[in-house]
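Hello,

Here is the structure I promised to pass on. Have a look at it first, and then read my notes below on what turned up.

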Amino acid sequence: MRVLGYVRRSTDKQAMSPETQAGLLRAAAEARGWDLAIHEEEAASGKSLDGRPVLAAALDLLDAGRAEVLAVAALDRLSRSVLDTAGLLVRAEQEGWHLVALADGVDTTRDRDPLVAHIQAAVGEAERRRIARRTREGMARIRATGKHMGRPSRIAPETHDRIVALHDAGHSASAIARAFNAEGVLKPEGTSPLWNHSHIVAAVRREQVRRLATA
């Protein structure tokens, strides 16, 4: 299967790096037997599909039948807009190609129903807004009392940093947990072996508390 892997280099220093994106795509290609060609876009915004010539060229190749799949490490590397994601899914269905977003569990080569990707994108946006709101409310309470809340994290520093980077790049807590379980990322000793939504949210909130405390 001919696959175009799209990698977007963001100006956001906390975003998933191009190297990480490319590594995830190559690992998937090896596991699934893809004929992969990676296309990298430099310093592009994720707010819109406009102004991205590399992505535009990749989409033209897909429409022309030069490849069957557009693959990304995560949906936010294409766009953080539910409307744009929906438009890409409609285009893919009309032109006969597929979309795969590894971290979000979206794979229209296995499930042609675009509802899955719509839901993933919408849930991701809602979850980011909900976490941000709860964090702001919590910080207001902490600052009012002058106290510090929360227990020290037992997650390995490199794993914590990766959680924060993935979340800042737009991944939902559920998507991060699924990716960690698929990769076999280790959890602290004495805890359940599998990651879930609550573990990721707790790590994100600790980081948000730290950032606000040092701001």
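**Overall layout**

Starting at the N terminus, the elements of the protein chain follow the order β-α-β-α-β-α-β-β-α-α-α-α. That comes to 7 helices and 5 strands, where helices (H or I, at least four residues) and strands (E, at least two) are DSSP runs numbered from the N terminus. Please keep in mind that this is a predicted model, in which local features need pLDDT of at least 70 and side-chain atom pairs count only at pLDDT 80 or more, while totals for chains, interfaces and linings use all residues. Residues are numbered from 1 along each chain as its sequence is written, and side-chain values use heavy atoms, with hydrogens and water left out.

Of the 215 residues of the protein chain, 42% count as buried (buried is under 20% relative accessible area, exposed is over 50%, and partly exposed is in between, with a 1.4 Å probe and protein chains only). Taking contacts (heavy atoms within 4.5 Å) with a separation of 6 or more, 70% are between residues 24 or more positions apart.

**The cores**

A nonpolar core here is a set of buried Ala, Val, Leu, Ile, Met, Phe, Trp, Tyr and Cys residues joined through side-chain atoms within 4.5 Å. The largest one has 18 residues, and Leu59, Leu62, Leu70 and Leu78 touch the most other members. At least two residues each come from β1 (2-8), α2 (53-63), β3 (69-72), α3 (82-95) and β4 (98-101). Among these, α2 gives the most, with 4 residues. Leaving aside residues up to four places away in sequence, Leu62 touches Leu4, Ala67, Glu68, Val69, Leu70 and Trp97. There is also a second, separate core of 16 residues, which includes Met16, Ala73, Ile163 and Leu166.

**Salt bridges**

Side chains of opposite charge can pair when their charged atoms come close. A search of the whole structure finds 10 salt bridges, each being a side-chain nitrogen of Lys or Arg within 4 Å of a carboxyl oxygen of Asp or Glu.

In one of them, Glu40 pairs with Arg9, with the closest N and O atoms 3.1 Å apart. Glu40 sits in strand β2 (residues 35-41) and Arg9 in the loop between β1 and α1 (18-32), so this bridge ties together parts that are 31 residues apart in sequence. Both partners are partly exposed: Glu40 has a relative accessible area of 33%, and Arg9 has 29%.

Another joins Arg91 and Asp63, whose closest N and O atoms are 2.5 Å apart. This pair links distant parts of the chain, helix α3 for Arg91 and helix α2 for Asp63, 28 residues apart.

Arg110 and Asp107 form a bridge too, at 3.2 Å between the closest N and O atoms. Here Arg110 is exposed at 65% relative accessibility, whereas Asp107 is buried at 12%. Elsewhere, salt bridges that share partners join Arg9, Glu19, Glu40 and Glu42 into one network.

**One more thing to look at**

Which element gives the most to the lining of the second largest pocket? It is α6, with 6 residues. For reference, a pocket is an open set of points on a 1 Å grid over the protein atoms alone, where a 1.4 Å probe fits, with protein on both sides within 12 Å along at least five of seven lines; lining residues have an atom within 4 Å of a point. In this pocket 25 residues form the lining, and Arg32, Leu102, Ala103, Ala179 and Ala182 lie nearest its centre.

Enjoy exploring!
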